[in-house]
Protein chains: 2
Amino acid sequence: MKIGVLGTGMVGSALASRLVEVGHEVRMGAREAGNAKARAWVEAAGRGASQGTFADAAAFGPIVFNCTLGTAALEALKAAGAANLRGKILVDVSNPLDFSKGMPAVLSTPQGDSLGESIQRAFPDARVVKTLNTVNANVMGHPDRVGSDSDLFLCGNDEPAKAEVRGLLAELGWKNPIDLGDIRGARGMEAYLLLWLTLYGVLGTSDFNIRIVRKADGLAAASRPALG
Amino acid sequence: MKIGVLGTGMVGSALASRLVEVGHEVRMGAREAGNAKARAWVEAAGRGASQGTFADAAAFGPIVFNCTLGTAALEALKAAGAANLRGKILVDVSNPLDFSKGMPAVLSTPQGDSLGESIQRAFPDARVVKTLNTVNANVMGHPDRVGSDSDLFLCGNDEPAKAEVRGLLAELGWKNPIDLGDIRGARGMEAYLLLWLTLYGVLGTSDFNIRIVRKADGLAAASRPALG
């Protein structure tokens, strides 16, 4: 499948590389075509990898990953172009974290909103699915880095879009992501980052995730109901 | 030990009952002495249980649990009285959740702040320790309800206060709560509630919690480093 990845940072590179690895054609998008990091990524990722502008990447295929910094996401998506995102599945991986006032970071969204919702409002014709933002870039494509059974979330207003993203997530190794409902689920998924960042400091590693535990888990792993 | 519990709701009742059960003398505080719910609780909890005003409960012993609604917590603590809280360990269990605009609830604190910090600022002579707010009232005193090995957090500026609270938590069944550092850790602990509330809706039960998972856990449970 042809997949566009917006963003050349750790998240964009890691996800784009993994998507190429599992067999997709991936175009990485940056503010300007020929971005040094994007070219280096194409070189490293090899066959199936290409690069261009945000608009080039968004126009490339039916699925677009937003891997830009949360505070720059709306601007990057505007550069990608509403026309290029129309009808597309827009997988939002970004987090609205503002590090400008130092640590601890704060969320750049007001209470009662989320970046996922902002993006869906700004691009009503895109089918926004929020996912993967609750784990580190390296864990996103390699859930085995934190053991065999941690939980991932997804949410969005478009059920077929979520089903398709679920398929992609399975290719990355995520067995049964938990569907948190419509795009408002992004509020909890993004707010959790404040706990994630604190845990990152305490644990001294970003190779961790959470698992939802219930009594049934203690009684018999096999009895754990499917949550997705 | 003599423990004051502010609040007569589900959280106050469940925690106060459990604290009596493990051998403490507990005074439940309400806006007015003789509150119907507080009297009913005393009746049910039996020996070791008493009730009074917020001030009566705060003056009762060296440890005070704030189990009031988050949106009313500062007012309740003001009624309890700064003098009655001076030098006390103030265990803040409350969450700044605003349900007034319907679901999903929003946090009533601004970004970059938390209720735990607000309380510590308002009562600088109290030794605030935030904990237990990330699980349901019933799970707080009975972690076995969600299996044998889920994670709890605590944070606060006063190390000896945290050590004492850790002892109390052990009596309730919490083996090794994760210390998130100073009271700013409350930001992540409270923001997580937005994810918790969404999961509550999806799972259809409040008998759940999270466990932090890392590769080491998958390799050998025994190798899991102590996080506290």
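**Model confidence**

In this predicted model, chain A has a mean pLDDT of 94, and 94% of its residues reach 70 or more. Residues 218-224 of chain A are an exception to note: the pLDDT there is below 50, and the stretch has 5 contacts in the model beyond near neighbours in sequence. Where pLDDT is low, the predicted coordinates should not be read in detail. For the complex, the predictor gives an ipTM of 0.94 and a pTM of 0.94.

**Interface between chains A and B**

The contact between the chains involves 38 residues of chain A and 39 residues of chain B. On the chain A side, two or more residues come from each of strand 7 (106-107), helix 9 (186-203), strand 11 (208-214) and helix 10 (215-219). Helix 9 of chain A gives the most, with 11 residues. Sorted by class, the side of chain A that touches chain B has 19 nonpolar, 11 polar and 8 charged residues.

**Strand pairing across the interface**

Strand 11 of chain A and strand 11 of chain B (residues 208-214) run antiparallel and are joined by 7 bridges. Within this pairing, V213(A) stands opposite N209(B), a residue of strand 11 of chain B.

**Symmetry**

Chain A is superposed on chain B by a rotation of 180° with 0.0 Å of shift along its axis, at an RMSD of 0.0 Å. The two copies are therefore related as by a two-fold rotation axis. The same surface serves both copies, since 100% of the contact residues of chain A recur in chain B.

Technical notes: Residues numbered from 1 in each chain as written. Chains lettered and ligands numbered in written order. Predicted model: local features only at pLDDT ≥ 70, side-chain atom pairs only at ≥ 80, totals over all residues. pLDDT = per-residue confidence, 0-100. Contact = placed C-beta atoms within 7 Å. Helix = DSSP H or I, 4+ residues; strand = E, 2+ residues; numbered from the N terminus. Nonpolar A, V, L, I, M, F, W, Y, C, P; charged D, E, K, R; others polar. Pairing = 2+ DSSP bridges. Least-squares fit on C-alpha atoms with pLDDT ≥ 70 in both.
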